[in-house]
Amino acid sequence: MNPSSYSDSSHLTIIGGGITGLVSAYLAAKSGKKVTLIEANDDIGGLLRTFSIGGNQLEHYYHHFFNHDAEINWLINELELDNSLMFRPTSMGIYQNGKIYDFNSPIDLLKFHPIGLPAKVMFGLSGMFMGKVADWRKYEHISAKSWLKKWAGKGATDSIWGPMLDIKFGPFAEDIPLSWMIGRMRQRLGSRNNVGREELGYLNGSLNILLQALKDKLNQLGVSIKVSSPIVSVDIQADEIKAVHTKSERIEGGPFLFTIPTNYLSAILQGADDELAKQLGAIDYFGAVCTILEMDRPLSNTYWLNVAEQGFPFGGVIEHTNFIDSSHYQNKHIAYLSRYFDRNDPLAHMPEEEISDMMIKPLSRIYPAFREQHIHKIHVFRTMTAAQVCHLKFSEKVPSCKTKVKGLFLANMAHIYPDERSVNNSVRIAAEALKVIYSTSYAENVPFGISLSGKIGF
């Protein structure tokens with residue numbers, strides 16, 4: 001697109017201070033544009049925000065990098081944070097039928113008693129097909145569950161894949177396309193070494209150092225950051241966006257790039273562009289809650305435990321200090337109890353104290369040695385827009401970055417499909433958005449990894 005088609009092509013206004021908005025601002029400012037970034041909350045970061053724990057910072061929602069994440073590695077290098085990046089081998093397990101099974105290698109699969117040898121072979125072959133061979137474009141119309149029952153087998157689906165999909169997507173699990181599973185498996189298999197062991201990356205000091213480095217760079221580049229400034233309306237005239245309004249000011253200077261969840265933008269567009277508002281409002285989101293335990297001892301020696309059994313209020317136990325040593329947190333042991341929920345779930349409005357009680361009570365069923373007195377402190381974080389719900393043929397719902405409203409552009413979680421949301425994939429879609437808005441920009445320097453995000457709508 002020719003930037004001269006805009007009345008003020010040198011100025012970009014970005015709505016949303018999560019990682020997509022921040023990277024978009026960095027790329028635009030680096031290429032010489034004047035940038036204004038508007039954030040509704042009192043600080044930037046979105047789902048990457050952190051809090052103080054054990055003398056260090058920790059993410060509200062667990063994060064890690066894959067060793068094939070070319071885009072985030074590029075950003076870390078840009079921000080001169082290379083010395084803070086570390087990759088560590090991690091461990092995974094599955095809890096089922098009252099037992100924890102290691103799930104890190106082909107040998108572990110053979111020891112997984114809930115399914116027989118034929119089912120194990122089908123599970124392995126179907127996983128390799130999804131992660132290494134399958135073209136996601138051919139499987140959008142096929143339910144992951146139905147395909148897995150046929151090709152991975154009923155045993156593996158009922159014991160492994162099905163419970164994981166149920167825990168993550170709840171009432172939407174039956175309609176999740178195989179394309180999403182292909183994106184997920186591509187991520188996971190791409191991070192494993194020759195013997196099947198997975199290595200994951202993390203920044204020493206948490207993502208807070210990435211956020212602070214980005215903030216410093218944006219300040220150096222002259223980016224105007226406005227926090228505590230939720231957008232309440234937009235000014236659209238003759239199919240062109242002229243300005244956005246907060247409660248206290250009118251902000252002009254386009255084009256305008258919206259990186260906020262589509263349901264929030266849909267509400268803002270009501271009355272200004274009802275057609276676009278309806279299109280964006282058709283995308284569902286589900287929420288997530290993370291109950292973080294600060295303990296005097298570990299629960300186990302496993303980093304990531306998938307709870308593939310009914311009757312638990314959480315779907316995963318992520319023991320952060322089995323990934324990053326507890327010495328970084330004054331020898332406190334940290335575990336996330338994670339759960340996704342839809343907007344009609346009681347978790348959406350449940351008081352934090354009730355969430356804590358609900359999550360902690362069944363822990364001793366998995367870890368018999370666990371006692372509540374082992375907990376030093378509990379932290380609860382909840383978001384209503386953890387990720388979009390990927391229905392069958394979801395690509396048809398993904399909005400174009402360039403909308404029919406002149407000067408109004410979009411880049412958000414929907415554009416990550418069929419991949420899984422991650423910091424790396426957010427960097428990818430930020431770069432793709434800048435390429436759409438400005439035909440040539442600093443975004444061209446962002447390398448391509450194996451990410452499947454940014455394939456639709458740009």
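A nonpolar core is a set of buried Ala, Val, Leu, Ile, Met, Phe, Trp, Tyr and Cys residues joined through side-chain atoms within 4.5 Å. In this predicted model, the largest such core has 67 residues.

**The nonpolar cores**

- Some background first: in soluble globular proteins, nonpolar side chains tend to be buried together.
- Which members of the largest core touch the most other members? They are Leu58, Met130, Leu148 and Met181.
- Take a look around leucine 58: leaving aside neighbours within four places in sequence, its contacts include Phe51, Ile53, Tyr202, Ile292, Ile334 and Tyr336.
- The contacts of leucine 58 also include Arg49, Ser206 and His320.
- Another core lies apart from the largest one; it has 45 residues, and Ile19, Leu22, Leu203 and Tyr442 are among them.

**The five-stranded parallel sheet**

- A quick reminder: strands of a sheet pair through backbone hydrogen bonds, either parallel or antiparallel.
- Here, five strands line up in the order S10-S2-S1-S14-S20 to form an open sheet, and the pairing is parallel.
- Strand S10 (224–226) and strand S20 (408–410) are the edge strands, so each of them pairs on one side only.
- Ignoring direction, neighbouring strands in this sheet are turned by 20° against each other on average.
- Helix H13 (residues 423–437) packs on the sheet and touches S1, S14 (256–258) and S20. The direction of helix H13 makes about 155° with that of S14.
- Strand S2, residues 34–38, runs parallel to S10, and three bridges join the two. Threonine 36 is the residue that stands opposite serine 224 in S10.
- Is threonine 13 buried or exposed? With a relative accessibility of 0%, threonine 13 counts as buried, because the cut-off for buried is under 20%.
- Not counting residues up to four places away in sequence, threonine 13 touches Thr36, Ile38, Ile251, Glu252, Gly253, Pro255, Phe256 and Leu257.

**The three-stranded antiparallel sheet**

- Three strands make another open sheet, this time with antiparallel pairing, in the order S11-S12-S13.
- The edges are strand S11 (233–237) and strand S13 (250–252), and each pairs on one side only.
- From one strand to the next, the twist averages 30°.
- Five bridges hold S11 and strand S12 (residues 240–245) in their antiparallel pairing. Across that pairing, isoleucine 236 stands opposite isoleucine 241 in S12.

**Around strand S17**

- In a regular strand the side chains alternate between the two faces of the sheet.
- You can see that pattern in strand S17 (residues 316–319): Gly316 and Ile318 point one way, Val317 and Glu319 point the other way, and all are buried.
- Strand S16 (residues 304–307) runs antiparallel to S17, with three bridges between them. In this pairing, tryptophan 304 stands opposite isoleucine 318.
- S17 and S18 also run antiparallel, joined by four bridges. Here isoleucine 318 stands opposite tyrosine 336 in S18.

**Aromatic rings**

- How many aromatic pairs are there? The count comes to 22.
- One of these pairs, tyrosine 62 with tyrosine 336, is edge-to-face, with 5.7 Å centre to centre and 80° between the planes.
- Tyrosine 62 lies in the loop between strand S4 (56–59) and strand S5 (65–66), while tyrosine 336 lies in strand S18 (residues 333–341), so this pair ties together parts that are 274 residues apart in sequence.
- Both tyrosine 62 and tyrosine 336 are buried.
- Why does the pair of phenylalanine 103 and phenylalanine 112 count as edge-to-face? Their ring centres are 5.5 Å apart and their planes sit at 80°, and planes over 60 degrees apart count as edge-to-face.
- Phenylalanine 103 and phenylalanine 112 are both buried.
- Ring pairs also link Tyr62, Tyr202, Tyr303, Trp304, Phe323 and Tyr336 into a cluster.

**Charges over rings**

- Lysine 33 has its charged end over the ring of tyrosine 438, 4.4 Å from the ring's centre.
- Arginine 365 has its charged end over the ring of phenylalanine 312, 4.1 Å from the centre.

Notes. Residues numbered from 1 in each chain as written. Predicted model: local features only at pLDDT ≥ 70, side-chain atom pairs only at ≥ 80, totals over all residues. Heavy atoms only, no water. Buried < 20%, exposed > 50% of the residue type's maximum accessible area, 1.4 Å probe, protein only. Contact = heavy atoms within 4.5 Å. Axes fitted to C-alpha atoms, helices over the stretch in contact; angles between N-to-C directions. Phe/Tyr/Trp six-rings, centres within 6.5 Å; stacked < 30°, edge-to-face > 60°. Lys NZ or Arg CZ within 6 Å of the ring centre and 35° of its normal.
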